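I'm opening my notebook on this one and writing down what I look up as I go. Please put the sequence and the structure up first.

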Amino acid sequence: MARRCVMADGQAASQTILVVGGGMSGLTAAVEAAEVGRDVILVEKRPYLGGRVAQLNKYFPKLCTPACGLEINYQRVRNNPRITVLTLTEVQEIQGSEGDYTVRLRENPRFVNEKCTACGECAKACDAEVDDEFNFGLSKVKAVGNGHNMAYPNRYAMSPEFAKTPEAEKLVAVCPVGAIEPKMEAKESTLHISSIIWATGWTPYDASKIRPYGYGRIPNVTTNMRIERMANKFGPSGGKIVRDDGKEIKNVAFIQCAGSRDHNYLPFCSRICCLASMKQTTYVREQFPDAKITIYYIDLRAMDRYEAFQKKIEADQGIRWIKSKPARIDADLESRSPIVIGEDTLTGVRYADKYDLVVLATGMEPNIAASPVPASGMTYDAYGFLANATTGIVGTGCATGPQDVSGSVQASTAAALKAIQSAAKARG
Amino acid sequence: MEKKIGCYICTGCGINEALNVKTLTATVAKEQKIPLVKNHAMLCSPEGVEMIRNDMTSEGVNTFLIAACSPRVHVETFRFGTPMIERVNLREFAVWGQPDAATDKDAKEDAQALGEDLLRFGCIRVKKMNNPEPFEDPGLSKTILVVGGGYSGMTAAKGAADAGYDVVLVEKAVELGGKVAKMHRLTPANPSLPGKDGLQETGAKALCLAVETHPRIKLYKNARVKQTVGAPGLFDVTIDQAGSDTVERIGSIVVATGYNLYDPNKLGHLGYGASPDVITAWDFEQMAREGRIVRKSDGLPAKRVAFVQCAGSRDKNHLEYCSSTCCTVSMKQALYVIDQYKNEASTCVIYQEIRTPGQLEDFYRKAQNEGVVFVKGDVKQVAANSGGGVKVQVADKLLRGDESMEVDLLVLATGMTPNIDTTDPNVSSNLNLSDEERAKTVLNLDYRQGASLPSLKWGFPDSHYICFPYETRRTGIYVAGPARRPMGAASSATDAMGAALKAIQAVESISRGAAVHPRAGDLSYPSFRKEGCTQCKRCTEECPFGAINEDDKGNPQFNPTRCRRCGTCMGACPQKIISFANYSVDMIGAMIKGCEVPPAEDEKPRILVLACENDAYPALDMAGINRQKLNPYIRVIPVRCLGSVNLVWIADAMSTGYDGVMLLGCRHGDDYQCHFVRGSALAEIRLSKVAETLSRLQLDSARVRLTEINIMDVDRLPGLLDDFVKEVTALGEQPYKPF
């Protein structure tokens, strides 16, 4: 991307806002600040923007595609010369104080230069495949590619492991425009900026840590985010929700608070999982009109206006709602089907019910817990979420706590104002 | 400045192999009479861009026709500091979206015809395009009006003022602070932060002081907005302060009028009225604030307190939504009791579902640890005790039986209703309000479509509450806090900051003459050729944003700064008097007619596709990128919104000899996806009337169809188009084909 980069030492630079993270929160903060008229540098560690939202099949409660809102936001980015997007970029170090930060960035090699036209010839010629992170490893992808339909920028990237191989060198000749550069190296740069918005989002909680639920050990126990990819027609199974043996699905269970609201795992509530599972019952219903669906829950948390969505889902007579946190999942070896075991809190009845597929509604782990802000003086809560401080480094979205899309957009719009206030202060 | 067009055809990415570029070039130069046409093997390369830039200096080129790849890529590459640019999507539509030209000769012919038509469209567009003059007015103001001086309003006012903007804050009460100032404590915003797990001071006093003394905030207390006249940047707001009127020039508005408590008198089934000791959470808060948690009946200490959740909320007979804060408010209030009466306190929360999202789960845990008892169940009966207090019967769902408890106070956690007037989402007007009714509205807008903001549901004024939560259907007016959506103080503070940002963004955009979301930055806006107007009022009624008023004679009075530039007015106008500098009925009509339709005997039908540029067009584009084969007979013209589609285009298409017309746009109705709220819905309504026109032309109405698609219908599109082409062809010969 031939984007103007504000490498700054002049006046203009001191007003520049750095946004870290190109998911819905970061994207929103960047466009909202830029549309006020501020220069913004948006850095994203992946080769493309979109974050978790790009992986979702549909949004609750409208059951519409997230790509629609993403496209509008990409339009806003494309049309706004004030936004500089740096992909594959990570923040190494932040020094200074509100109004005057020096930030060291590292841009990891894409191994495909700016000449790339996304024509796809390299991918066609490439035999090597790697795990598809976008699809949570449910499939393999070519070692060079553009990620997915809504990848922005639409420019290919090569897996760093593959770039080291002789096969990668062979692709150099394949590319009609000379865009393949397996020897590309990381670049470091330094920016001067006035304020920083930290929007590094979340990672689905590692379900295998919830040992009693046997994820990874018991066949056909999956997670909510994997269901999003499976249900997506451009996903690994072409939109089909599938068992590992391809057998028909007649009976699906969703287990809420899989890892959340639990001192052994994530003590907080991840906020979105109730609504996400309700939404996913519609995926199941669409594909398997006669399927039985069970939701095991502690409390149903369809906050404020989402209540209407809960009512809509409750109208599906094929859904059984069981107030219970299942004790464990056993495997029925013969049928390769999981058996959910526990006690119904409302009836006191113990159950051991076999399902064709069990979906663990896993929660949100803040990315910031593993990669904190590389600056001194930051405050984090007990779970590693960033305190929404009033200094020039402002957290937003799931970097500060579990959020849904609407809440992330709300918080990120607010974060844009805080960043602008910092710039105003710096201006005096 | 004279327009000088340069057309640049890229021959890379397979364009040269698939298409005869020489003929394409001739189409532009000879047929379309644009003499400056150049080819380049890779137009997006520095050399390609350099070639164009050289022409800017040497040839004075100031209008650009880039025939290369999709307009969704390389926007920054082909940025020449002017909106006078048009992209012709040869690569995605005529190359990648077509069969391999090397192996399929017929396909090559079809692709060539497609490429030529796309270029014709582009040429006509740039020829008809004028440089939009941004709207300017010396009277534009950047002052932000905040209505409501509660927690949200004060936060918004301070937020905008701290960013360097002048703020006018109007509060109806004699003092600032709203409900939060009357609260005892607040629930912690994030109880998982070190040292922040307990009840928090409201901070209202400090916030009031900061607002009162802020040099950029002009305060009207004991005041209300009497009338709002005009448009963003140019609002003249009459403020009535204790009977005396002042007019302020305002740029944009944040409405932060908060919430009302649900009327407890409607909650007799939960015991309200049965005893003075059945009270609302609000009344309880006041007691706690005074430090006297006592029975109302006899003033004795109230040590045993039960809290009933969802009192009026989540109830189809009352408020259907969840009021979002009641669970944590009751926990907070139970902690007041424990704080006052220590070991003697006995508190119980009777609930349906405990809703403590995110880190608030720690606050729930704290309440449990401090001894608050939680009972999942329904209140079955409430009766006054002869000795004071009340007896409550609860059907306990966990213990599976009825339970009777005697408490000193039964506190109903009543829900919240938005304290703002709205118009029904399905009715475009509340014009018929009496002056008295108008005076009661929060803003009393002088909009032809009504004095209030339109609501989406349940009286909450918004339009896209997932993706773009601040967008109302009135440009430059944003709603924050519980007037927008049920929320507590912490969330309201964030919300207010966000709304203040949007308000700032609106005044800054308007000062540049630019549109706000979703066509942010667009400098064009419609002009009205008034002498042609027949006062039919379609434009004034249909504008999704109420941008157009009417004078006494019914003439449209357009307000550029209210406009979102969707073109719905242009689509509505039967007289074709509404145009943008770079988008008009005439321009699109000419493009439609510019297609070279083959004679019937060639058996090559032509289908016009008018595609919403936000969703349908990207879907078509992605189909091309994915090398799905797009029917070669379709001719795509992107439109700003289906709302901008004027029916005359259908007639234009038919008289030109197209076999059919397909409108591709967003889902409408409930859960609409139209970025302009009503555009695709209006297109559907208009289309229902097109049959008449078609029958006059002796054409089957099946030749015109509106199909709802979303941006991810990439896989479905090619089949959809093929089917339509087949169906239309089956209708027989289109009689208006050229010979």
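How many bridges join β28(B) to strand β29 of chain B, and do they run parallel or antiparallel? I looked: six bridges join β28(B) to β29 (residues 634-639) of chain B, and the two run parallel. Note on terms: two strands pair if DSSP finds at least two bridges between them. Helices (H or I, at least four residues) and strands (E, at least two) are DSSP runs, numbered from the N terminus.

Housekeeping, before I go on. This is a predicted model, where local features need pLDDT of at least 70, side-chain atom pairs count only at pLDDT 80 or more, and totals for chains, interfaces and linings use all residues. Residues are numbered from 1 along each chain as its sequence is written, while chains are lettered from A and ligands numbered from 1 in the order in which they are written.

**Entry 1: β28 of chain B**

I followed the partners of L610(B). In β29(B) its bridge partner is I637(B). To get from β28(B) to β29(B), the chain passes through helix α16 (residues 616-625) of chain B, and this β-α-β crossover is right-handed (with the strands pointing away from the viewer, the path from the first strand over the helix to the second runs clockwise). β28(B) also runs parallel to strand β30 (residues 660-665) of chain B, joined by five bridges. There, L610(B) has L663(B) as its bridge partner.

Is this strand buried or exposed? Six of the six residues of β28 (residues 607-612) of chain B are buried, so the strand is largely enclosed by the rest of the structure. Buried means 20 or more other C-beta atoms within 10 Å of a residue's own, exposed means 12 or fewer, and partly exposed is in between, with C-beta atoms placed from the backbone. I607(B), V609(B) and A611(B) point one way, L608(B), L610(B) and C612(B) point the other way, and all are buried.

**Entry 2: a sheet in chain B**

Next I traced an open sheet of four strands in chain B, with parallel pairing and the order β2-β1-β3-β4. β2 (37-40) and β4 (85-88) of chain B are at the edges with a single partner strand each, so one side of each has no neighbour in the sheet. I checked one pair: β1 (residues 5-10) and β3 (residues 63-67) of chain B share five bridges in the parallel sense, and I5(B) stands opposite T63(B) in β3(B).

**Entry 3: a hairpin in chain A**

I found an antiparallel pair too: β18 (residues 337-343) and β19 (residues 350-354) of chain A are joined by five bridges. I341(A) faces A352(A) in β19(A). The two strands form a hairpin with six residues between them, and G348(A) in the turn has a positive phi of about 75 degrees.

**Entry 4: where the chains touch**

Last stop, the contact between chains. Chain B puts in 65 residues and chain A 66 (two residues are in contact if their C-beta atoms, placed from the backbone, lie within 7 Å). On the chain B side, the elements giving two or more residues are α6 (151-162), α10 (361-369), α12 (489-511) and α16 of chain B. α12(B) gives the most to that side, with 11 residues.
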